[in-house]
Amino acid sequence: MAAGGGRYFCTAGRGLEPFLAREVRERLGATEVDCVLGKVFFSTEAVPGELRRLKSGERLFLLLKKRAPLVVSQNKGKLLHEIKSLVTEEPKYWLDIVSIWRNFHGHEGKKDEISQENRSPLKRKSEEETNTAAKRQKTEQERETVPEECQAGERCVVPERKSDQDCCKTSLEDPSKSSGEKPTVNNEQLSFSFRVSCRCSGAIAKILPSQEIGRAVGIALMKQCGWRADLRDPDLEIFVHLNDIHTVVGIPLFRLPLANREYIKTAGLRSTIAWAMASLAEISAGAFVLDPMCGLGTILLEAAKEWPEACYWGADISDSQLEGADANIRTAGLMDKIELLKASVKVLPLPSESFDAVISDIPFGKKFKITKDIQLLPDILQEMERVLRVGGTIVLLLSQDLHKHMEGITKCAENDSPNAASEDASETAAAKALNVDGNSSSLVNGAEESCLSSQEMRFGSLVPDGVYGVSLGKTDAFIYKYRKISTAGNQ
């Protein structure tokens with residue numbers, strides 16, 4: 001644990017780990033930042049309000065234990081003993097972490113979602129409505145990011161669902177009552193209620209089910225700390241994550257995921273993806289930012305909330321999408337920040353070189369047939385390039401299929417341009433796909449060699465500045481970043 005602070009981990013959608021690592025450093029002044037697939041570990045002295053403002057993470061936990069994966073053997077008794085040691089070792093450390101958790105609760109009081117204790121009937125009803133809204137938001141999303149454990153091939157157990165694999169559901173008899181022994185730690189938290197949720201995959205999942213692991217941890221906690229099990233309305237929840245990479249134990253800091261934005265009435269694109277895209281656009285005070293295919297306006301909402309000193313415009317050809325975007329903007333209280341207009345992305349009624357950034361989720365692949373509507377992509381790119389100022393950035397989200405065509409289109413355009421750099425230099429520029437921490441990331445491979453109407457396409461003013469693979473749940477996608485280095489017509 002960091003001196004005067006706490007040690008945390010936050011889950012992230014696959015591909016967003018570097019964005020989250022950068023965010024905790026910049027927003028929280030975090031140290032000891034460590035990334036693994038689906039998680040970012042860090043230390044910080046930030047207060048609850050600051051932690052809640054994280055935008056690229058899914059769920060935030062206070063870290064209790066992090067160690068190498070358990071050595072799996074066929075001896076279940078030995079394996080369960082190792083699992084129980086996660087609790088029985090360093091009991092004072094456990095109570096120190098719980099004290100931090102309780103301090104957080106004390107800071108924000110009953111209005112916060114950190115704890116569920118002492119909830120009034122009105123509070124319960126309010127939270128039920130919040131849960132219903134959150135579920136509806138998740139259902140309405142066209143592209144969903146699943147929890148990192150599922151992305152890594154793990155069998156997920158959602159804590160809120162009361163299934164046998166969820167947590168320690170079997171009746172837990174207090175060993176101190178049955179044997180007459182007293183809890184190891186005698187403290188004010190003897191009446192503390194808890195439940196255990198366990199997620200496991202890999203070798204250990206083939207030996208022990210999640211229910212058995214959760215029960216073992218639960219009994220150990222009852223014996224060690226004198227806590228009582230409460231599966232319906234516990235004071236806190238203990239999460240145990242076991243896989244072939246690591247063993248992690250933590251306490252969720254907030255009841256709802258960070259990705260649930262209270263200011264978004266109807267969700268479209270996953271909010272964490274939208275924020276990550278906006279963070280790449282290099283938005284500054286006074287900048288003009290455009291989403292020419294704004295849909296429900298999620299990208300604009302995330303950008304305007306984070307960078308409120310800029311001016312935002314959204315365009316869409318669909319009346320229903322614009323109505324949804326307008327409702328979202330009003331819910332978020334951003335009517336003075338975001339302007340909407342009905343227009344086709346192929347012919348925008350906007351002056352040339354009038355925007356500093358263009359950010360958009362190109363909605364191909366699900367609602368549209370890629371073989372038919374791919375023909376529109378060159379026109380879309382050309383219009384985005386036209387309205388972008390020299391030095392500005394374009395950030396696009398492309399489906400797994402569409403990115404192959406994007407590579408082919410931009411490659412053909414660069415080769416067609418008289419002012420384009422040499423082939424070697426062009427390849428060097430294309431290879432400049434850097435992640436947010438400045439380390440080389442994998443470029444998208446397999447770009448098609450065929451060019452669509454290459455004589456009509458002129459994108460020599462756009463230089464590739466990054467490709468980032470991200471997960472949309474059941475499918476993958478790619479965030480492309482381009483920078484405009486010259487006037488679009490001077491080719």
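**Helix packing and sheet order in a predicted model**

In this predicted model, H10 lies across S9, S10, S11 and S12, and runs at about 175° to S10.

Student: Across which strands does helix H11 lie, and how does H11 run relative to S11?

Tutor: Helix H11, residues 319-332, lies across S10 and S11. Its angle to S11 is about 170°.

Student: Why is H1 called roughly perpendicular to H9?

Tutor: Helix H1 (residues 17-28) and helix H9 (residues 271-280) pack at about 70°, with their axes 11 Å apart. The range for roughly perpendicular is 65 to 115 degrees, and therefore H1 is roughly perpendicular to H9. The crossing of H1 and H9 is left-handed.

Student: Which residues bring H1 and H9 together?

Tutor: From H1 come Phe19, Arg22, Glu23 and Arg27, and they meet Trp275, Ala276, Ser279 and Leu280 of H9. By class, the residues of this contact are 4 nonpolar, 1 polar and 3 charged.

Student: How do you know that H9 is mostly covered?

Tutor: Of the 10 residues in H9, 10 are buried. Buried requires under 20% relative accessible area, so each of these residues falls under that cut-off. Among them are Trp275, Ala276, Ser279 and Leu280, which also take part in the contact with H1.

Student: What covers the buried residues of H9?

Tutor: The cover includes H1, helix H10 (298-306) and the strands S12 (355-361), S13 (388-399), S14 (462-471) and S15 (476-484). Just after H9, Glu282 takes a positive phi of about 55°.

Student: In what order do the strands of the open sheet run, and what makes S11 and S14 its edge strands?

Tutor: The 7 strands follow the order S11-S10-S9-S12-S13-S15-S14, with mixed pairing. Strand S11 (338-342) and S14 each pair on one side only, and they are the edge strands. From one strand to the next, the twist averages 15°.

Student: How do you know that S9 and S10 count as paired?

Tutor: Strand S9 (residues 288-291) and strand S10 (residues 311-316) share 4 bridges, in the parallel sense. Pairing needs at least two bridges, so S9 and S10 count as paired. Leu290 stands opposite Trp313 in S10.

Technical notes:
Residues numbered from 1 in each chain as written. Predicted model: local features only at pLDDT ≥ 70, side-chain atom pairs only at ≥ 80, totals over all residues. Heavy atoms only, no water. Axes fitted to C-alpha atoms, helices over the stretch in contact; angles between N-to-C directions. Parallel < 35°, antiparallel > 145°, perpendicular 65-115°, else oblique. Left-handed = near helix turned anticlockwise from the far one by under 90°. Contact = heavy atoms within 4.5 Å. Nonpolar A, V, L, I, M, F, W, Y, C, P; charged D, E, K, R; others polar. Buried < 20%, exposed > 50% of the residue type's maximum accessible area, 1.4 Å probe, protein only.
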